[in-house]
Amino acid sequence: MTLNASLRVQYEAPRVDWGAQNRVTRVRYRAGGRGLAVARVLRTLGHDVVAAGLAGGATGGLIATDLARSGVTTGFTTISGESRRILEVADAERGHTTILNEPPPYITTEELGRFAADYRRLMTEAAAVVLSGSLPVGLPPEIYGSLATYAAEAGVPTIIDAGGEALRYGAARRPAVVVTRLPGPDGVAGRAGQAGLAGPAEPIGAAGAAGVTRLAGAAGAAGERGVDARALVAGGVGAVVIVSDHDVQVVTAAQEWRGILDGHPSLPGSRDALVAGLIPVLLEGWSWPDTLRHAIALGAAADSAGEVDLDAYNMLLSEVVVDQAGRPRVFHDHGGSAPYRAANSP
């Protein structure tokens, strides 16, 4: 579920001179938005998936077309505004890329009502729902809480990957999983796909032995209040997944785990692919250590658009180390050397 879908327009030029005409040698259009990348990864792994949310205008049509090329079914609620574009201008000579990010469209009350009805219809056939990313203008921060409630009423487990007020309202509705980021020293969480899964971050210290109680400023601006993982679990969240540049941690009522990519100082790849990798714990009965191993390898083998190199994923599985509070390397091998596929894949 992506409420702030975008179209990434990538221009490459030999040299970019601002204030002058520039010859573009390569153009690429890709559907963007956190949940859309999650959907693309899940489809690659063999899941039946619907990418839904809000989209409008000619840009919304291009988003749906690009997803269709990846075999992803779409179920967007149409809005009157134009979905946003993110323009990336790459200067090949200097090796620089400039990004121009359009503002999101405004969502009207009528559009929000239609979306809520569409969402509830989707929940009647869903096995799980992933709510990812930022909110467009006009949507209240409690929207993720409402969507988690609708899913719970339909018996559908929910993963929420968000920050700030959207995370707070969503977590209050007791979703199965909450995903949050550990920020860097400046208090700002990095962008997935640029400097690792969560951007620059300080090491968590003795997390492998003692776990994490407090996270400073989950995704969002500096100064945002911390997220207390254990308090969220005590309040009914099934598990809190904490992503940093160095590791991924899981806090549940029963135990805490930490996963790293052995030999890598930081976690490369896509946070959205990592989120997609959490699905087996909900749908296929995997343990958290097994799921963490799978998710970290999947995240490291994917790019920011959700394109997965399954050969790389297969090799990376053996490089993931999972520690359970004082008990190292706790995992079991699901499928030996074969890449993971959804249980219902053809």
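**Burial, helices and pockets**

Modeller: Arg168 lies in helix H5, and the model we are looking at is a predicted one.

Biologist: Why does Arg168 count as partly exposed?

Modeller: Buried means under 20% relative accessible area and exposed means over 50%; because Arg168 stands at 41% relative accessibility, it counts as partly exposed. The C-alpha atom of Arg168 is separated by 8.2 Å from that of Glu142, although these two residues are 26 residues apart along the chain.

Biologist: Which residues of helix H4 are buried, and what covers them?

Modeller: In H4, which runs over residues 143-153, the buried residues are Ile143, Tyr144, Gly145, Leu147, Ala148 and Ala151. The cover over them includes helix H3 (109-123), strand S7 (129-132), strand S8 (158-161) and helix H5 (164-171). Just after H4 comes Gly155, which takes a positive phi of about 75 degrees.

Biologist: How do you know that H3 has close to its expected span?

Modeller: H3 has 15 residues and reaches 21 Å from its first C-alpha to its last, and this is close to the 21 Å that is expected at 1.5 Å a residue.

Biologist: Which residues of H3 are buried, and what puts them on the same side of the helix?

Modeller: Glu111, Phe115, Tyr119 and Met123 are the buried residues of H3. They cover an arc of only 110 degrees around the axis, and therefore they sit on the same side of H3. In general, an α-helix has 3.6 residues a turn, so residues three or four places apart point the same way. On the other side of H3, Thr109 and Arg121 are exposed, whereas the buried residues of H3 pack against strand S3 (50-56), strand S4 (73-79), S7 and H4.

Biologist: Which residues touch the most other members of the largest nonpolar core?

Modeller: Val241 and Trp288 do, in a core of 52 residues, to which helix H10 (residues 288-300) gives the most, with 7 residues. A second, separate core has 21 residues, among them Ile79, Ile143, Ala148 and Ala166.

Biologist: What lines the second largest pocket, and which element supplies the largest share of that lining?

Modeller: The second largest pocket holds about 650 Å³ of space and is lined by 32 residues, of which Asp48, Val49, Val50, Ala126 and Ala128 are the closest to its centre. At least two lining residues come from each of helix H1 (34-44), S3, H3, S7 and helix H9 (279-283), and H1 supplies the largest share, 6 residues.

Definitions and conventions. Residues numbered from 1 in each chain as written. Predicted model: local features only at pLDDT ≥ 70, side-chain atom pairs only at ≥ 80, totals over all residues. Heavy atoms only, no water. Buried < 20%, exposed > 50% of the residue type's maximum accessible area, 1.4 Å probe, protein only. Helix = DSSP H or I, 4+ residues; strand = E, 2+ residues; numbered from the N terminus. Contact = heavy atoms within 4.5 Å. Expected span 1.5 Å × (residues − 1). Arc of directions from axis to C-beta. Core = buried A, V, L, I, M, F, W, Y, C linked by side-chain atoms within 4.5 Å. 1 Å grid on protein atoms, 1.4 Å probe; cavity = no way out; pocket = protein on both sides within 12 Å on 5 of 7 lines; lining within 4 Å. Points joined across faces, edges and corners; volume = space filled by probe spheres on them.
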